Amino acid sequence: MRGIAITRGVSSSLPDCELTHLARVPIDIVRARTQHASYESALADAGYRIERLPDSDALPDCVFVEDIAVVFPELAVLTRPGAESRRGESPAVAAALAPHRTICCIESPGTIDGGDVLVAGRQVFVGLSSRTNASGIEQMQRILNRDGYRVRPIDVAGCLHLKSAVTAIADNVLLVNPEWIDCGALDDFEIETIDPLEPHAANVLRLHDRVIFPAAFPRTADKLRRRRLSVQLVEVDELAKAEGAVTCCSLIVDGRQ
């Protein structure tokens, strides 16, 4: 086994999810659950043992476990989500992580969503967004300094989370939508841009020997293949109606993020 992938079931209340940048449209729960199961199968195929937490009708967004914690080799940081409706998701995620990592917590008045945290080698970009504030970023800096990580705040505009605009496809290469983020803030990295016809294509889940990527973005998938990446496609368009993406639906323990 390559590690553990912590996931959480799709709540029947997902249509009541938090939305910031997308208009609310009907969500087919059966289809969303089918897509989520296929996503879990892709993680299992990559060598991860799935630990699925139960969903809750009281927690519409609970499938998006990434926002609740950030996992490092040395520890896990339990976030404090920017949307108050999501803070009830934390106890179950903390209990799932406790056997695997020492847990440090972001405290009030700080807020951080895990979707705003991009780990690229020993550098940690944290998006200053509608869900993540300066106090949360300062706390993250204090927590990670002792283990030699460099935390770099970066402004987010035009999308929900930092990782809607940029994710890592290697320790030194980032996949970026340049319309949603200032590439000048990423000057230490090689940049691969998404296909401009696929603005939501910058979110990719990097694993040990492949990347998991939405099937909805074939042009950008071809760019990744030209970089000799093994690309495993998954259908996640129903979850995307709730502003979800491939990184959102798992916490990878003992693997790359």
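**Helix 3 and a few local details**

Visitor: What covers the buried residues of helix 3?
Guide: In this predicted model, the cover includes strand 3 (69–71), strand 4 (76–78), strand 5 (103–105), strand 6 (117–120), strand 7 (123–128) and strand 8 (150–155).

Visitor: And which residues of helix 3 are buried?
Guide: They are S135, G136, I137, Q139, M140, I143 and L144.

Visitor: How many residues does helix 3 have, and how far does it reach?
Guide: Helix 3 (residues 134–145) has twelve residues. From first C-alpha to last it spans 16 Å, close to the 16 Å expected at 1.5 Å a residue.

Visitor: What happens at the start of helix 3?
Guide: There, a side-chain oxygen of N133 comes to within 3.3 Å of the backbone nitrogen of S135.

Visitor: New topic. How many aromatic pairs are there?
Guide: The structure has three. One of them is F213 with F217, edge-to-face, with 6.2 Å between centres and 65° between the planes.

Visitor: Are F213 and F217 buried or exposed?
Guide: Both are buried.

Visitor: What lies over the face of Y149?
Guide: R122 does, at 3.9 Å from the ring centre.

Visitor: Where is the cis peptide bond?
Guide: It joins S108 and P109, with omega at about 10°. P109 is in the loop between strand 5 and strand 6. Most peptide bonds are trans.

Visitor: What about phi at R228?
Guide: R228 is not a glycine, yet its phi is positive, about 65°. R228 sits in the loop between helix 5 (218–226) and strand 14 (231–234), and is exposed, with a relative accessible area of 81%.

Visitor: And E243, buried or exposed?
Guide: E243 is buried, at 14% relative accessible area. E243 also has a positive phi of about 65°.

Note on methods: Residues numbered from 1 in each chain as written. Predicted model: local features only at pLDDT ≥ 70, side-chain atom pairs only at ≥ 80, totals over all residues. Heavy atoms only, no water. Helix = DSSP H or I, 4+ residues; strand = E, 2+ residues; numbered from the N terminus. Expected span 1.5 Å × (residues − 1). Buried < 20%, exposed > 50% of the residue type's maximum accessible area, 1.4 Å probe, protein only. Contact = heavy atoms within 4.5 Å. Polar contact = N/O pair within 3.5 Å; in protein donor to acceptor, adjacent residues only side chain to side chain. Phe/Tyr/Trp six-rings, centres within 6.5 Å; stacked < 30°, edge-to-face > 60°. Lys NZ or Arg CZ within 6 Å of the ring centre and 35° of its normal.
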